[in-house]
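Thank you all for coming.

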Amino acid sequence: MQNNSLDKLILIILDGCRYDTAIDQLGFLNHLVDHDLGKLVKVQSEMPSNSRPLYEVLMTGVPTYQTKIYSNFSVMRSKQTSIFDLVTAYGGKTGAATYAWFSELYNQAPYNIKTDRIQNDPEKLIQHGIFYNEDSYPDSHLFADANYLVQEYAPDFLVVHSMNIDDIGHKYTAVSREYQQVVNRVDIILAEVLPDWLEQGYQVVVTADHGMDEFGLHGGSLEAHRAVPCYLFTEKRNQITAKEIKQLDLAPLLCFFLGLAPAKEMNEINHIIKE
C-alpha cells in the first residue's frame, strides 16, 4: 500500500561531472544557490572512482570493499540494503530513468534490452524504470523519460542518471571545449524540468558519481576524479551544516530528506545535520 508520508525526492546523477566544471558551467543551478533557493556541497567520491561501484555507494552508503562491486565489469545484483529497498519496504513507490547498470544492480542481471528497457512491476525494487544502454543516449531524451515517470507514476523516489558528460569526457577529456559544452547543455535542460518538479512537491538533489581528468580518465585518486558537486533543492537544505561531505554520507542524507530511517550499514550523519 502506498504510504503518503514520505517526502518525495528526485536524485539526479550527472555521470562524470567534476566539481570545478559544475561551478563554471551549471549557471542555472548556481543561480538558484546564489539566491538562497538551493545549497551547494562538495562531495569526495569513494574509490575506485568508477561508475558501477559508485552507483552502489550512492544507493547503499556502503564502501566498495564490502559491496564487492569492484569495477564496471562486476555484473551482479546488489547484496546491500539500498534506498530502493527502504522506500519499497515503507510502502513507497520507486522509479528510475538511468543507465542499464541500475537495472542490473537492483532489478535483474544481466540487462536484456529486449525485455528490460521499460519495466513496470510493483514487486521489483525499481518499480517503474526506463533504462538505456548506450553512453550517447541523449540527455534530452533521458530527462523526457524522467518527466514521463514523474507525470505518469509520481514515484516517491526517482533516480535520473545522465551519461553524456562522462561519454564526452572520455572522448575529448575534461579540459576540452566539448566537455565544457555538454555540462553547459545539461544545465539548460535542468532549467526546463527542475522548476516543474519542485512545484510538484519534489525535493531535488543533483550530484555526480565521479569526475574526469585532462586525459579523459577517472578511477583513481586525483582531485579531478573525486571532487564532485552536490546541489540540494529542499526545504531541509539549511539543516545541512557541512560544506564538504564524503560520498558515503549521501545515502543516509537522502534517507533524511525522504523522511526514512537509514539502513544500519549506513554512516551516522548527525555531525552534518542541524536539528
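Let me start with a question: are Phe256 and Phe257 buried or exposed? In this predicted model, Phe256 is buried, and Phe257 is buried as well.

Let me turn to the ring pairs. A pair of aromatic rings is described by how far apart the centres are and by the angle of the planes. The count here comes to eleven aromatic pairs. One of them joins Tyr132 and Tyr137, whose rings are stacked, with 4.8 Å centre to centre and 15° between the planes; both Tyr132 and Tyr137 are buried. Phe256 and Phe257 also form an aromatic pair, but a tilted one, with 5.8 Å centre to centre and 50° between the planes.

Tyr132 and Tyr137 also belong to a cluster linked by ring pairs, in which they are joined by Tyr55, Phe84, Tyr99, Trp101, Phe102, Tyr106 and Phe157.

Next, the charges over rings. The ring of Phe256 has the charged end of Lys236 sitting over it, 5.3 Å from the ring centre, and in a further case the charged end of Lys42 sits over the ring of Tyr19, 5.1 Å from its centre.

Finally, the pocket. The largest pocket holds about 170 Å³ of space, and its lining is made up of 14 residues, with Pro252, Pro262, Glu268, Ile269 and Asn270 lying nearest the centre. Sorted by class, that lining has nine nonpolar residues, two polar ones and three charged ones.

How values were computed
Residues numbered from 1 in each chain as written. Predicted model: local features only at pLDDT ≥ 70, side-chain atom pairs only at ≥ 80, totals over all residues. Heavy atoms only, no water. Phe/Tyr/Trp six-rings, centres within 6.5 Å; stacked < 30°, edge-to-face > 60°. Buried < 20%, exposed > 50% of the residue type's maximum accessible area, 1.4 Å probe, protein only. Lys NZ or Arg CZ within 6 Å of the ring centre and 35° of its normal. 1 Å grid on protein atoms, 1.4 Å probe; cavity = no way out; pocket = protein on both sides within 12 Å on 5 of 7 lines; lining within 4 Å. Points joined across faces, edges and corners; volume = space filled by probe spheres on them. Nonpolar A, V, L, I, M, F, W, Y, C, P; charged D, E, K, R; others polar.
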